[in-house]
Amino acid sequence: MKIAVLGANGQVGAEVSLLLSRTAGIEVVPVCRNRSGSAFLRAHGLRCRHGLAADPVEARGLLGDCDVIANFALALGRPREAREANRRLIEAAAAAAKPGSRIVFFSTLAVYNDFVEAGTPPASTAYGKEKLRGEREAMRAGRRLGHETWVLRLGHVYGQLQGIRAQMRNLVCSGPVVVPRGGSLGSNVTHTVTIVDALLKIGQGKENPGVYDLLSFPSWSWNDVLLHEARTAGVDLQRASPDTDPFDSARMGVTGRVRQELRRRVGALLGSPRVREIGLTWIAYLPEAINLQLQSRHFRRRAVSDIARLNHRPVSHQAFGIPPVNATELVSLTPTMELLLNGKGDVPLLEGGAFQPDLPLYPNA
Amino acid sequence: MVASVGVIGAGVISRTVHLPVLTAMTEARVAWVADANDAQAAAVAAAFDVPHAPIATLTSALGTCDAVLLAIPIGVRAAYLQELARQNVAVLVEKPFARNRREFDENIALFPEHRIACGFMRRAYDSTLQMQRILREGWFGQPLRVRISEGGRTTRTGADRSYFDDPAAGGGGILLELGCHALDVVLYLLATEDHEIVSQRMILDGHADRKAEAEVLLYPGSGRGGQPVVLNYVFSWLDSQENYIDFEFPTARVRFGTQPDATVLVYGKSSAAKGLEFLPSAGGVSTTNQAFYREWRWLLEGLATGVPSPVAARTCLRVTSLVEDLYAVARQSA
């Protein structure tokens, strides 16, 4: 089975390409716009195709012989320019794909408005909106051109080459990890090994086309993620609770948040220099006992605030505060841990390897 | 566990820092406030909404406490310490801990090491912890010299500290009341064993010193063993001056202020340029309230674990000993 990877020079595309390259029965076709982009992959033993996949003519040579087209690409630049580039890429890829080939468009859980930190009002992001638009265009193009199409929404992508994995490694190696609820909540983590598994199962015809959330299977808690990372790093996992649980404040609701904001504003007003000066003038007219009491309260409030600042223990990573999504999952996935224990997540990196030559374009391949 | 804490002394330090901090702590509750001046204690207790213990009932009140703050002049503490020890109540003593080695030994002998602490809260400052790391990890090698400058022209006192002028109450001059803090930080950081006073000068106002300066050699080993670090200090209530502690190394100088939020600055050895500033990061405190909170946490944790805290009174021997010797030399030369 021949699997093309669009956006193969990206963080996720590169790792998926490397993992696919060591999968029996799979021929991976990493697609990059230029040789600068593909240098890392070529240095680690992969042959790549180069060209503009958004161009209908070039797309044919890049993708025309592939059974599965995995689209990880996301154009950057000015918003209008990027949107147009993403649209052209989706269209051209679907048009260039051979009959019967399957198309997988990789999206993100950020398409959900509540994929934000607990306690933060639900809101869409420009990134999420752009991906959502891409999802619709991919499904439309697939229908129009007769290709089965999947949309897979990824969470925090986790794997040997992924940034979040390096961050977790640092956290477990540098003392207590401050994580809400002892890490028992779902992590929304998607291991790259599960992305590869999903592509294989789709290529083998074991999944129905449609829109899915792709998380590690079964879904990993933060505790699973951190324990796995600590075990790999050879350290004991130390956990601590944040001084304020973001999921508690999320339960406060709109009224609670309004009340809290009101209290903050009144406090700021009373603490303003002008109001304070007026207050000090008038307090002098009050009896000494009340003066003493007011001053003591002021000192105590200041102590409470200082101690709270000293004990402030924010969560160690922003992702810990995002609530788990209620995922719509593929049905044939192999458990992520099983794949990892079988070494399927190990990225084969070569030291000092020679740059591989280009992979010939279709129909010369 | 919430510890029950009694407060003896309703003066300015109790009222402005200890009581606000203790009443803000979740780990402690104030059992009562007592003072030789009952009316003052009652007013302060009412202001903080905590019980007042009349001084006449203090002996029985002690039994209700896990720990006591002793924030009264040094000259009148002995009887309280003996009673606290007799009733097995732990104590945090405001600095200075003792005026001489004899008094130090007498106080220390009364309590297990983890049950008596002294309020040298500057040990908890972030700048102190950063300097401790620089020294421990030998970033710039062994220090050659330490300079301390602290004080300021006294133009206001802010609070009634008239016991400063009362030799019987143990009120001392600037060295005992202010200088002991910075000296304690330096001795705590260097962990030296012995000292030799090379020169010293005090400007006395009756019995109290208003300005003190000296050069002292601090030896890493006992019996004046090892390569000494030179200490120069000026403490003054007569001059306007910068407040800092400056460590000189073979290749660099490291300086920090004496306030809780002071940052650590590193200078080239002879550079006149502004130093490079370290961000606070050592896990220390940056306000006075936080420093006193940390001090109380240390003592209370020590009570639970039996482990002496970083402010265990026994660790004040070096500064007690140095201050006693400095005053002795001053008296001889007066």
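Mentor: Before we start, one definition: two residues are in contact if their C-beta atoms, placed from the backbone, lie within 7 Å. And keep in mind that this is a predicted model.

Trainee: Got it. What covers the buried residues of α3(A)?

Mentor: The buried ones in helix α3 (residues 56-63) of chain A are A59(A), R60(A), G61(A), L62(A) and L63(A). Their cover includes β1 (2-6), β2 (27-32), β3 (49-50), β4 (68-71) and α4 (79-96) of chain A.

Trainee: What makes β1(B) largely enclosed by the rest of the structure?

Mentor: Buried takes 20 or more other C-beta atoms within 10 Å of a residue's own. Five of the six residues of β1(B) (residues 3-8) are buried, so the strand is largely enclosed.

Trainee: How do you know that β1(B) and β2(B) pair?

Mentor: Pairing needs at least two bridges, and β1(B) and β2(B) (residues 28-34) have six, in the parallel sense. G6(B), for instance, stands opposite W32(B). The chain gets from β1(B) to β2(B) through helix α1 (residues 12-24) of chain B, in a right-handed β-α-β crossover.

Trainee: And which residue of β3(B) is the bridge partner of I8(B)?

Mentor: That's L70(B). β1(B) and β3(B) (residues 67-70) pair in the parallel sense over four bridges.

Conventions:
Residues numbered from 1 in each chain as written. Chains lettered and ligands numbered in written order. Predicted model: local features only at pLDDT ≥ 70, side-chain atom pairs only at ≥ 80, totals over all residues. Buried ≥ 20, exposed ≤ 12 C-beta atoms within 10 Å, placed from the backbone. Helix = DSSP H or I, 4+ residues; strand = E, 2+ residues; numbered from the N terminus. Right-handed = clockwise from strand over helix to strand, strands pointing away.
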